[in-house]
Amino acid sequence: MFTLEVEKGLKLALVHRTFAPLYFDIVTRERDYLGEWLAWPPQAHDDGFFLNFISRSLRDYADGKSLVCAMFYNDTLVGNISFNSIDHDLKKVEIGYWLSANYQGKGIVSKCVTKLITMAFTDLDMEKVQISAAVDNRPSRRVCERLGFKLEGMITRAENVNGRVLDHAVYGLQRADWR
């Protein structure tokens with residue numbers, strides 16, 4: 001199984017079918033919290049939902065279209081981070097992530113995003129990393145700002161999340177601006 005150490009006690013692991021019940025446990029406990037910014041938690045009613053997600057993710061990984069990893073903090077699955085899309089023609093990746101409420105404020109997402117940025121620019125030879133976050137999702141937007149992404153614009157009516165139509169802030173980091 002592909003794993004990538006971010007730092008001692010924090011690693012990324014390519015999604016695996018054995019993670020399905022771990023993801024389901026988080027969603028069972030935090031469905032309302034996750035559903036504030038993510039559309040899928042209301043549909044995640046069993047391990048099968050995550051088994052399908054993992055299967056699709058692994059197919060897309062094999063095709064070079066995406067990379068989906070679980071975030072493990074002290075050997076506990078605490079969330080998910082991914083290259084939602086890898087565009088080899090445009091030399092651009094888009095990163096997405098979510099984290100259990102119980103693990104917020106520890107720098108987990110910032111450190112994992114930093115690791116994926118490095119991977120994008122060095123291993124994948126990309127020219128741009130992009131992140132879209134709901135305009136009102138301040139914690140997610142702060143990750144972008146803290147890591148040196150530039151706000152490129154707003155997309156109105158970008159996503160319907162459980163009956164709420166959200167606008168997105170789109171952030172970009174160019175290879176030339178990477179620290």
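The legends below describe close-up views of a predicted model. Residues are numbered from 1 along each chain as its sequence is written, and side-chain values use heavy atoms, with hydrogens and water left out. In this predicted model, local features need pLDDT of at least 70 and side-chain atom pairs count only at pLDDT 80 or more, while totals for chains, interfaces and linings use all residues.

**View 1. The largest pocket and its lining.** The largest pocket holds about 1,200 Å³ of space. A pocket is an open set of points on a 1 Å grid over the protein atoms alone, where a 1.4 Å probe fits, with protein on both sides within 12 Å along at least five of seven lines; lining residues have an atom within 4 Å of a point. Grid points are joined across faces, edges and corners, and the volume is the space filled by probe spheres set on the points. The lining counts 45 residues, and nearest the pocket centre lie Trp 37, Leu 38, Gly 96, Tyr 97 and Trp 98. Elements giving two or more residues to this lining include helix 1 (20-35), helix 2 (47-62), strand 5 (92-99) and strand 8 (164-174). Helices (H or I, at least four residues) and strands (E, at least two) are DSSP runs, numbered from the N terminus. By class, 24 lining residues are nonpolar, 14 polar and seven charged. Here Ala, Val, Leu, Ile, Met, Phe, Trp, Tyr, Cys and Pro count as nonpolar, Asp, Glu, Lys and Arg as charged, and the others, Gly among them, as polar.

**View 2. Aromatic pairs.** Rings of Phe, Tyr and Trp (its six-membered ring) pair if their centres lie within 6.5 Å; planes under 30 degrees apart count as stacked, over 60 as edge-to-face and the rest as tilted. This rule gives ten aromatic pairs. Trp 40 and Phe 49 are stacked, because their ring centres are 6.1 Å apart and their planes at 25 degrees. Phe 121 and Trp 178 form a tilted pair, 5.1 Å centre to centre with 55 degrees between the planes. Phe 121 lies in helix 3 and Trp 178 in the segment after strand 8, so this pair ties together parts that are 57 residues apart in sequence. Phe 121 is buried at 2% relative accessible area, whereas Trp 178 is partly exposed at 31%. Buried means under 20% relative accessible area, exposed over 50%, and partly exposed in between (1.4 Å probe, protein chains only). Ring pairs also link Tyr 23, Trp 40, Phe 49, Phe 50, Phe 53 and Trp 98 into a cluster.

**View 3. Charges over rings.** A charge sits over a ring if NZ of Lys or CZ of Arg is within 6 Å of the ring centre and within 35 degrees of the ring normal. The charged end of Lys 11 is 5.7 Å from the centre of the Phe 72 ring. Arg 164 lies over the face of Trp 37, 5.3 Å from the ring centre.

**View 4. Pairing around strand 8.** Two strands pair if DSSP finds at least two bridges between them. Strand 8 runs antiparallel to strand 6, with seven bridges, and antiparallel to strand 7 (residues 150-161), with eight bridges. Gln 130 has Gly 172 of strand 8 as its bridge partner, and Gly 153 has Val 170. Strands 7 and 8 form a hairpin with two residues between them, and Asn 162 in the turn has a positive phi of about 55 degrees.
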